[in-house]
Amino acid sequence: MTPTPRLTLALTTATLLLTTNLYAAATAHAADDDPNDPPGTDPSAAAPVKVDPADPDLKLPDGATLAQAKVLDIKSVVEDQSGDERREDTNTSVTFALQAEVLFGKDSAKLGAEAKSRITGIAEEIKTQNATRIRVFGFTDNLGSSAHGDVLSKKRANAVHDILTETLNDAGITYEVRGYGEQYPIADNSTEAGRKKNRRVEVSFPRTED
């Protein structure tokens with residue numbers, strides 16, 4: 001059966017309208033799908049939440065004051081490739097940590113051949129910072145008795161202190177020398193790599209204010 005001209009015209013019009021609507025929807029979707037926008041950032045039609053400035057929960061209680069602004073300490077840590085020496089810089093101080101194997105023989109407080117050059121390098125930084133208060137702290141791992149570690153770490157700290165005083169030769173510098181033994185580990189004592197890091201002498205001093 002041949003359709004009448006009026007029916008043919010109606011079908012053609014409906015087809016054009018449907019095609020136009022589908023194309024418009026696809027175009028609108030493509031425009032909204034900006035590849036520069038991260039997912040989950042589609043615009044929302046919801047109005048922003050209104051904040052009541054008179055809300056009592058937003059006010060400090062009577063008599064309360066805000067704490068003074070505080071600058072957080074920023075720490076920079078640099079360790080040489082071998083791990084034998086580590087330097088920590090903060091806003092207020094400089095700390096050098098030398099592994100015991102670099103300075104001493106096993107279970108000994110006698111300085112080795114390389115020790116003096118390492119300690120002299122730290123002394124040069126102390127001069128650069130014009131530091132007059134120096135801390136020299138010794139530490140061990142947790143092997144052996146705690147008492148033995150306390151004694152050994154103090155002897156090692158004293159040995160480093162002696163080289164610093166000889167090198168700096170400054171009566172205006174004060175020293176604090178202590179042996180902490182196995183206290184304050186910086187690594188896991190359950191592994192030899194960790195125990196090696198814990199066997200150390202630290203030299204710290206204030207840094208020059210910029």
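## A salt bridge to start

The side chains of E114 and R118 form a salt bridge, at 3.1 Å from N to O. This comes from a predicted model. How exposed is E114? E114 has a relative accessibility of 41%, so this residue counts as partly exposed. R118 sits at 17%. Buried means under 20% relative accessible area, so R118 counts as buried.

How many salt bridges does a search of the whole structure find? The count is 16. One of the pairs is R87 with D89, whose side chains meet at 2.6 Å, N to O. R87 is partly exposed, at 23% relative accessible area. D89 is buried, at 15%.

E202 and R200 make another side-chain salt bridge, at 2.8 Å from N to O. Here both partners, E202 and R200, are buried. Elsewhere, shared partners link salt bridges into one network. Its residues are E101, D141, E192, R195 and R199.

## The sheet

In what order do the 6 strands of the open sheet run? The order is β1-β2-β3-β6-β4-β5, and the pairing is mixed. Two strands lie at the edges: β1, residues 76-79, and β5, residues 174-179. Each of these edge strands pairs on one side only. Neighbouring strands in this sheet are turned against each other by 15° on average, with direction ignored.

Strands of a sheet pair through backbone hydrogen bonds, in a parallel or an antiparallel sense. Strands β2 and β3 take the antiparallel sense, over 5 bridges. Strand β2 covers residues 85-89, and β3 covers residues 93-99. Which residue of β3 is the bridge partner of R86? The partner is A97.

## Salt bridges on the strands

Strand β2 spans residues 85-89, and R87 and D89 meet in a salt bridge. Strand β6 spans residues 200-206, and E202 and R200 meet in a salt bridge as well.

## A helix across the sheet

Which strands does helix α4 lie across? Helix α4, residues 146-168, lies across β4, β5 and β6. Strand β4 covers residues 133-139. The helix runs at about 160° to β5. Strand β5 is also one of the edge strands.

How values were computed. Residues numbered from 1 in each chain as written. Predicted model: local features only at pLDDT ≥ 70, side-chain atom pairs only at ≥ 80, totals over all residues. Heavy atoms only, no water. Pairing = 2+ DSSP bridges. Helix = DSSP H or I, 4+ residues; strand = E, 2+ residues; numbered from the N terminus. Axes fitted to C-alpha atoms, helices over the stretch in contact; angles between N-to-C directions. Contact = heavy atoms within 4.5 Å. Salt bridge = Lys/Arg side-chain N within 4 Å of Asp/Glu carboxyl O. Buried < 20%, exposed > 50% of the residue type's maximum accessible area, 1.4 Å probe, protein only.
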